[in-house]
Amino acid sequence: MKRALIAALALAALPMLPTVAAAKTFVFCSEGSPEGFDPGLYTAGTTFDASAHPIYNRLLEFKPGTTQPEAALAESWEISADGTVYTFKLRKGVKFQTTEFFTPTRELNADDVLFSIGRQIDEKNAWNKYVTGGTWEYADGMGFPKLIKSIEKVDDLTVKVTLTRSEAPFLANLAMPFASILSKEYADSLEKAGTKEQLNQNPVGTGPFSFVAYQQDAIIRYKKNADFWGTAPKIDDLVFAITTDAAVRYQKLKAGECHLMPYPNAADVQAMKADENLQVLEQEGLNIAYLAYNTTQAPFDKPEVRIALNKAINKPAIVDAVFQGMATPATNPIPPTMWSYNNDIKDDTYDLDAAKKMLADAGVKDLSMKVWAMPVSRPYMLNARRAAEIIQDDFAKIGVKVEIVSYEWAEYLSRSKDKNRDGAAIMGWTGDNGDPDNFLDTLLGCDAVGGNNRAQWCNQEFDALVKKAKSTSDQEERSKLYEQAQVIFKKDAPWGTIDHSLAVVPMRKGVTGFTQSPLGDFTFEAVDIAE
């Protein structure tokens, strides 16, 4: 990066003395703005990248590059024989960040864990509704309020969580961003001052970087946390340069104005690989893009109508136009690289004549509908507008008129949860913990209706199967149950499954230490920049 740019972006450059090295500033050209900085309230990867990963930690975290949970704020844990009691021993000496707006007087203890989890599962908690319109979408969608019977402080460094039933993915779930641990001392000070909303605007955590400032839709600034309990970051300042257009992100990357970017246009990848100043990482994405019908609204409340529309979607055309072949058409609601994927299920055939007949047989004619298109690039959908245009053209061939609508990203996410939302929304998901439950229950379970379940689909037979699957620790048995659930999903068709994509990460040649995550996370505590 040019020295002038570093000077412009650095938050606190060190004095230029012969014996003192200049501060290292790493710039990430992020694809969108965070909805807020309290991870418990959200589910979007864009928000987690800006909040959960740089600022906070969790009891457990995923080993870099894997879906394997390992010790983090909890240095050890014990599980009862029946799988319902988890006892976590917290790491000693973990300090919360000191910022311009808060100076902690104590280290992390059990009170912080009880506060962070308790507010998400107890409607009577004073912090349960501290953000107007905010919901604990992940905790609710995974049934945490029903699952967690109690969470208790044994002593300052010991927390006991008692469940109402055994839950196979529970440890992996606690490693997810929504389970980040916040400072109760900071929350108490905000409550006393009457400024509780600041918890979601000026965050304080235990993570590798401290929050400095956020300019809406433009830039987020962080600095190295000098008191970080883990391995200290190699960079001094971290900048998120919010750049929604993938082509502009690419130009900034080429010009050296940022070190790393997410979600490039597929058409640019070959040129990136050929550029001697860049390096490109890629791997199979643990993801899916889909069209979520609102199954509570006529005529989308009829499975035969949803299947008819699915038969009219030319998925290979979307893969070619949007991904230049760097994706595959999706059949099931989980990616084929995930255990329990049902290979016996056949996809809906692209058949316009059959689609027309099915609509006519269902009594549907002159149908007009809305297709919602995401305003940002995501790994599973690089250009939702283009995909929506292809779907619009496909549906026109069977006599269905489509209006494409979109909103700013945070508003899109909020509005698309509405049970009265019209039409069908292009959505997608990158797995958060490597478990099928994170797709099947989180996105399609009855507990997630009005939240992550954008199809508003509650099928009791499906729901019973996925609930049973996560209550057993036998992976073979779980796999059989999930395979059965996928059969029901395909028969009832709450989604039009679109694609599973390759995850591509381009960066400057001098960047080292970045590990591509199968979960789609962008984390920078280990990155460095070659001199």
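When I give an angle between helices today, the axes are lines fitted to C-alpha atoms over the stretch in contact, and angles run from 0 to 180 degrees between N-to-C directions. Helices (H or I, at least four residues) and strands (E, at least two) are DSSP runs, numbered from the N terminus.

Hello everyone, and a word on the model before we look around. This is a predicted model, where local features need pLDDT of at least 70 and side-chain atom pairs count only at pLDDT 80 or more, while totals for chains, interfaces and linings use all residues. Residues are numbered from 1 along each chain as its sequence is written, and side-chain values use heavy atoms, with hydrogens and water left out.

α16 (437-444) and α17 pack at an angle of about 140 degrees, and their axes are 10 Å apart. That makes α16 oblique to α17; on this scale, angles under 35 degrees are roughly parallel, over 145 roughly antiparallel, 65 to 115 roughly perpendicular, and the rest oblique. The crossing of α16 past α17 is left-handed, meaning that the near helix is turned anticlockwise from the far one by less than a right angle. Which residues make the contact? From α16 we have Leu-440, Asp-441 and Leu-444, and from α17 Phe-462, Asp-463, Val-466 and Lys-467, with contact meaning heavy atoms within 4.5 Å. By class, that contact has four nonpolar, no polar and three charged residues. For those classes, Ala, Val, Leu, Ile, Met, Phe, Trp, Tyr, Cys and Pro count as nonpolar, Asp, Glu, Lys and Arg as charged, and the others, Gly among them, as polar.

Now on to the next pair. Helix α17 (residues 460-469) and helix α18 (residues 475-492) have axes that come within 9 Å and cross at roughly 160 degrees. The two helices are therefore roughly antiparallel to each other. Here too, α17 passes α18 in a left-handed crossing. On the α17 side the contact residues include Phe-462, Leu-465 and Val-466, and on the α18 side they include Leu-481, Tyr-482, Ile-488 and Phe-489. The residues of this contact divide into nine nonpolar, one polar and three charged.

Gln-456, in the loop between α16 and α17, has a positive phi of about 55 degrees although it is not a glycine. Ala-493, in the loop between α18 and β17 (495-508), is not a glycine either, and its phi is positive at about 50 degrees. Are they buried or exposed? Gln-456 is buried, with a relative accessible area of 4%, and Ala-493 is buried at 3%; buried means under 20% relative accessible area, exposed over 50%, and partly exposed in between, with a 1.4 Å probe and protein chains only.

Let's move to strand β12 (287-293). It is mostly covered, with seven of its seven residues buried. In a regular strand the side chains alternate between the two faces of the sheet. In β12, Asn-287, Ala-289, Leu-291 and Tyr-293 point one way, and Ile-288, Tyr-290 and Ala-292 the other way. β12 pairs in the antiparallel sense with strand β16 (residues 424-430) over seven bridges, and with β17 over four bridges; two strands pair if DSSP finds at least two bridges between them. Ile-288 stands opposite Trp-429 in β16, and the partner of Ala-292 in β17 is Trp-495.

I'll finish with Ile-334, in the loop between β13 (327-329) and α13 (352-361). Ile-334 counts as buried, at 0% relative accessibility. Not counting residues up to four places away in sequence, Ile-334 touches residues including Phe-439, Leu-440, Gln-486 and His-500. Thanks, everyone!
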